[in-house]
Amino acid sequence: MAARLRVCVVGSGGREHALAAALQRTADVVVCPGNPGMQALGIACVSRPPETIEADLFVVGPEQPLVDGIGDRLRDAGNLVFGPGAAGARLEGSKAWMKEMLAGADVPTAAYGVFDSAGPAIEFLRSLSPPWVVKTDGLAAGKGVLVTEDLDEACADVEAKLAGVSFGAAGRLVVIEEGLTGPELSLMAVCDGKRAVPLAAAQDFKRALDGDKGPNTGGMGAYSPVPAVDDDDVAAIMNGAVTPTLEALADIGIDYRGVLYAGLMLTPEGPKVLEFNVRFGDPETEALMPRWKGDVSEILAAAADGRLDSVAAPEFLPDAAVCVMLAAEGYPAAPKTGQPIYGLDSWKADPSLHLYAAGVGPGLTTAGGRVLAVTGLGETIGRARERAYEGAGRISFSGVQYRSDIAARAAG
């Protein structure tokens, strides 16, 4: 019998909790730094720097450490790492560079322009039809995108970003895109530098309020599978978007080992890439991990080692999963922290319900905008949805907010 791998998951949010819980089925797992909510729910956490931890495999969750080069530092020390180096992470760290890569690889995407001054940017905006899309070039925790039908709002957003008011240095270069129409789709693929294998498709919900209203957030919920997307659709996206991007990275000397996460719009002309992320999605991961069958650590280790061809492709339960994010009062603009969270101590093991701690601080209090993720499993999306909202009702803290319409349309 093979020894259990020792896996270190780097990060502190709900995505990392979901990864740790799935990896823990077959591996010995520690999360660095994790959070007190994870510890209360049975996940080992340590506050030391990842470079000081002994592990057979490091799985890096958030984008910022990847952009900052943690993958390179850990690999240079002789470690096996699932997550790209800084050169590959630029795909998410700079939307302008990403768009250049997509254009060079002939990957379908929205028409765009890149600007560092307001005059030409506003002139370009006026040449487009609504909706108008304005993005920060750099990282903005999922909140750097404005989609609006109001040209004046788009122009004001451009000026605020370029002036450094909205997102500091991350917004001093903006990408303006044509507005696309159609349902959005998240497709993540595990890559080993040469090969890529898809995970189950998911759909997330970025807007803060029901009916896709309110400001963009890091994500208020997700579900998987997506009824409108079949195996042929996934194969087409892999062949038309993911594989060409992986090959384009390899062509410029980037050995990309980690997740390529394609955020797509299913337009009447076919799928178009809105963005590529270089890590597992959040909250898509909280919906996918309970569905992932088998040994997750084996597949991630094989990808990190450049040998995906030596293991079976990921398989997923037929059950549906629906994830609902519980957010703090004031999220996303000014989340209220320090509020006691009630219900964690009474959470009981239930194979149809999963609770993941995101922004949970000392004393089990709110410590971030998105506080907890509740995922329900069921034989249908409707049943999974019922379970997720039943689970959400077990948790309370002052000002708790969550959308009531996650996966409602998919449930029928």
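Colleague: Is Lys206 buried or partly exposed, and what is its relative accessible area?

Modeller: Buried means under 20% relative accessible area, exposed over 50%, and partly exposed in between, with a 1.4 Å probe and protein chains only. Lys206 has a relative accessible area of 23% and is therefore partly exposed. This is a predicted model, in which local features need pLDDT of at least 70 and side-chain atom pairs count only at pLDDT 80 or more, while totals for chains, interfaces and linings use all residues. Residues are numbered from 1 along each chain as its sequence is written, and side-chain values use heavy atoms, with hydrogens and water left out.

Colleague: Which residue meets the side chain of Lys206 in a salt bridge?

Modeller: A salt bridge is a side-chain nitrogen of Lys or Arg within 4 Å of a carboxyl oxygen of Asp or Glu. The partner of Lys206 is Asp204, at 3.3 Å from N to O. Asp204 is at 10% relative accessibility, so it counts as buried.

Colleague: How many salt bridges does a search of the whole structure find?

Modeller: The search finds 22. Among them is the pair Glu390 and Arg394, with the closest N and O atoms 3.2 Å apart. Glu390 counts as partly exposed at 42% relative accessibility, and Arg394 counts as partly exposed at 30%. Arg6, Glu54 and Asp56 are linked in a network of salt bridges.

Colleague: Where do Arg370 and Asp282 lie?

Modeller: Helices (H or I, at least four residues) and strands (E, at least two) are DSSP runs, numbered from the N terminus. Arg370 and Asp282 form a salt bridge, their closest N and O atoms being 3.5 Å apart. Arg370 is in strand S23 (residues 370-378) and Asp282 is in the loop between strand S16 (270-277) and helix H10 (284-288), so the pair ties together parts 88 residues apart in sequence. Both residues are buried.

Colleague: In which strand is Thr136 found, and is Thr136 buried or exposed?

Modeller: Thr136 belongs to strand S6 (residues 132-136). Its relative accessible area is 0%, so Thr136 is buried. A polar atom of the Thr136 side chain lies 3.0 Å from the backbone oxygen of Gly138. The C-alpha atoms of Thr136 and Leu173 are separated by 6.4 Å, although these residues are 37 apart along the chain.

Colleague: Which helix holds Asp233, and is Asp233 buried or partly exposed?

Modeller: Asp233 is found in helix H9 (residues 231-251). At a relative accessible area of 31%, Asp233 is partly exposed.

Definitions and conventions
Polar contact = N/O pair within 3.5 Å; in protein donor to acceptor, adjacent residues only side chain to side chain.
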